[in-house]
Each structure stands twice: as structure tokens, then as C-alpha cells.
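Please open the structure in your viewer and keep the selection tool at hand.

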Amino acid sequence: MTVCLDVVRPEVHSLGKYNAGLTTGEVRERYAVTAIAKLGSNESPLGPSPKVAQALAPTSDLMRLYPDPAGRTLREAIGGRFGMAADRVILGNGSEDLLSVISRAVLRSGDRIVTPYPSFPLHEDYATVQGATVARVAVDERLNFDIPSMKRALREPCRMLIVANPMNPVGSWLDGDGLTEILASVPRGALVVIDEAYAEYARGSSCPDALALLKAFDLNWVVLRTFSKAYGLAGLRIGYGLTSSAGLTDLLDRVRTPFNANAFAQAAALAALADDDHLEAVVSLAVRERERVRAFLEGRHFVVAPSCGNFLFFDCGKPAHAFSEALLAHGVITKPWKQEGYEAFIRVSIGSEAENDQFINAIGELCSNT
Ligand SMILES: *Cc1c(COP(=O)(O)O)cnc(C)c1O
């Protein structure tokens, strides 16, 4: 007997499934490959700082006891890093948890949010669950932010602007002037969310320091960051938000679950944050290798979007689903994009030199066979 599922809200029925790739285990089972380059989820090939393992060694109390629900030590360390008081830092079970917290705290049914397109699906999904509508602003033909269209979209009533900078999946970014122009167009009363999951990789580019620019505006805002990407802690789940005021932090704090940042994650993040040398090694490898992979793809006449992140978004010239399936047979996991209009695009993470070589060789073979 199947009972009708109308008990679940229609907004939930309308959600798409998470576009998850195969795990390395699944690829190994399906294809006879030994070496697998996992380039679908923008993880760090170098993993976390070696100091993280030391921080997690005396594990008994970390497991036995509840974590500090206020995450005081970590919030103070993060605040110190940005010259902000700890009461303007909020911790999450990954920054995606904070996307959910923010949406639940802010969005009413019938609200409208504005976000670039192609989008980070979670930016849209939590809003959809709340009964909000999503106004997508497509990138321009060169895959850069379309600032005039963004400003136009902000002229209509809007509760939240949410922008990843640099943008995922595309990799392109708003520079200081672009971000300033957009912030100046945000209607009063709207919350600005800048998702800086890849900010660490953007050093040395024109991707701006959003915190510095936001100070000039009389707005409520949250800047989201994560330990999942450059800090190499994706499996532990820890991210954070920097907010415009202690009052906003306090209200958002009431919506999260009290122990959303687990004890291992807090201890690991604290150790990771202290190791600047490791971060530097991660970022310089990613930037160097990204430009090597880009040169290869462009040499093969693929259209590759600008990127200051640890990934590239490129037009493979055919249905991405089939292309990435063919890459799997070479042990290379990538992310074929599924959103309308971008079904020929693949997002590939920048891995270790060996993983990137495996990707390059696989593309070389696929293209010589067609
Ligand atoms: C990876 C990513 C996140 C982060 O994820 P968590 O692992 O939940 O911290 C957030 N936003 C964007 C745009 C990302 O690409």
C-alpha cells in the first residue's frame, strides 16, 4: 500500500535531487580502473594541514563530550583573523548548513531572492523550501557576471541577494567595482549573502575583499566561508559566517541547532586556521595547475570560463553527461552540469599534478577517438 505523500509541502516536491557524482568506490566497481582522479567536488588534493591530525589525536573527550555550542575558541580565532569580534561570527555544519539557517531565519513564503545563474543549487533550494521565488540572473556570453541585469533584477522587491564570489560553478567573479555597483542597488531591507567558499584561492586576482566593501553600506549582510575547500576539511563539515552585526548573529544563532559544529570539526578548524604555510602550498598548487589545465583545454579549442577558484567550467561541445561518463572509464570523476542551458558544460576540480595529468590524458584520448 502506498500512502499519498501530499503530507509533504509542495515546495519540497518541486526540489531537484542533489547532483552528486559517483564515489571513488562506485567508479572502481563499475569500471576496471585503479587510479581514480576525483575531480568532481572541488576538494583539496593536499588535504588538511598536518597539524589537524595532531589536534585530533587525544580523541576521547572530543567524542565523549558535547561540543561547545557557542564554539567560542574557534569563533574568537576566526574573528581575530578578520579583525571582527567573535559575536559577529556564526559556525555551521559546513557553510551549506548556514545557507539553510539563513533561509529559514529570513525568507517568508512569497518572498523573492536574486542569484546569478548557472547557480549553486543550494542557494536556490533552501529558498524554494521556504516558498520563496528565485530570480536567476544569467551570466553574459563570456560567462562573466551580468552587472546591468543584476541591477535590474534588484529593482523589484527582494528579500535576499545571494552571490558566490568567485562564482560556483562558473569560476568567474565580481571585481571591487562590480560588487560595489551591485551593493549600491540592493533594496533597503534585503539581506546580502556573499558566499566566499573559494576566496582563499582568489588571492592575487581582482576578486575583492567583500568585508572591506560592505562596511560602506547600511545593509544587513553575511559573508560565508568554509573549511571544506582550501583548508581540506570537507569530510568534517565546518563553515562559518561573518555578519554585519552581533544582533543579526544572535538571531541566526537561534535558528541553527545548538551543536551544529561538532567537536572534531571545531578542533580541526582551529588547527587548520593556524597553518598559513599549508594554505599557501594548497593555493599556489591550485593556481599553477589551474592555468596548466586551462592552457591544455584552450589548446584543444574548448571554451573555458574565467576562474579564480580551484576548478574550471568548460563547454565540452556535446552533452556533458555522456562526456563525463566517458571520462569515468578513464578513472576521472568530473561534474557534468545539469541546469538548463548549460548541459554541455563540465566542472572539473584542480587536483594533484598526477590527477590533472590523468584528466588531460583522458581528454586527449577521448578527442582522438572522435
Ligand atoms: C563548496 C561550496 C560551499 C560549501 O560547502 P560546505 O562544505 O557546506 O562548507 C558553499 N558554497 C559554495 C558556492 C560552494 O561551492
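Along the principal axes, the C-alpha atoms fill a box of roughly 60 × 60 × 55 Å.

The model is predicted: local features need pLDDT of at least 70 and side-chain atom pairs count only at pLDDT 80 or more, whereas totals for chains, interfaces and linings use all residues. Residues are numbered from 1 along each chain as its sequence is written, and side-chain values use heavy atoms, with hydrogens and water left out.

Next, select the ligand. Which residues surround the ligand? Among them are Gly 94, Ser 95, Glu 96, Phe 120, Asp 195 and Tyr 198; a residue counts as near if one of its heavy atoms lies within 4 Å.

Now show the side chains of Asn 168, Lys 229 and Arg 237. A polar side-chain atom of Asn 168 lies 2.7 Å from an oxygen atom of the ligand. For Lys 229, the corresponding distance to a ligand oxygen atom is 3.2 Å, and for Arg 237 a polar side-chain atom lies 2.7 Å from a ligand oxygen atom. The protein covers 93% of the 390 Å² of accessible area that the ligand has on its own, by the Shrake-Rupley method with a 1.4 Å probe.

Then select Asn 168 together with Pro 169: the peptide bond from Asn 168 to Pro 169 is cis, with omega near 10°. Pro 169 lies in the loop between β5 and α9. In the loop between β5 (160-164) and α9 (176-185), select Pro 166; the peptide bond from Asn 165 to Pro 166 is cis, with omega near -5°.

Finally, select Leu 143, in the loop between β4 (133-138) and α8 (147-153). Leu 143 has a positive phi of about 70° although it is not a glycine.

Definitions and conventions
Polar contact = N/O pair within 3.5 Å; in protein donor to acceptor, adjacent residues only side chain to side chain. Helix = DSSP H or I, 4+ residues; strand = E, 2+ residues; numbered from the N terminus.
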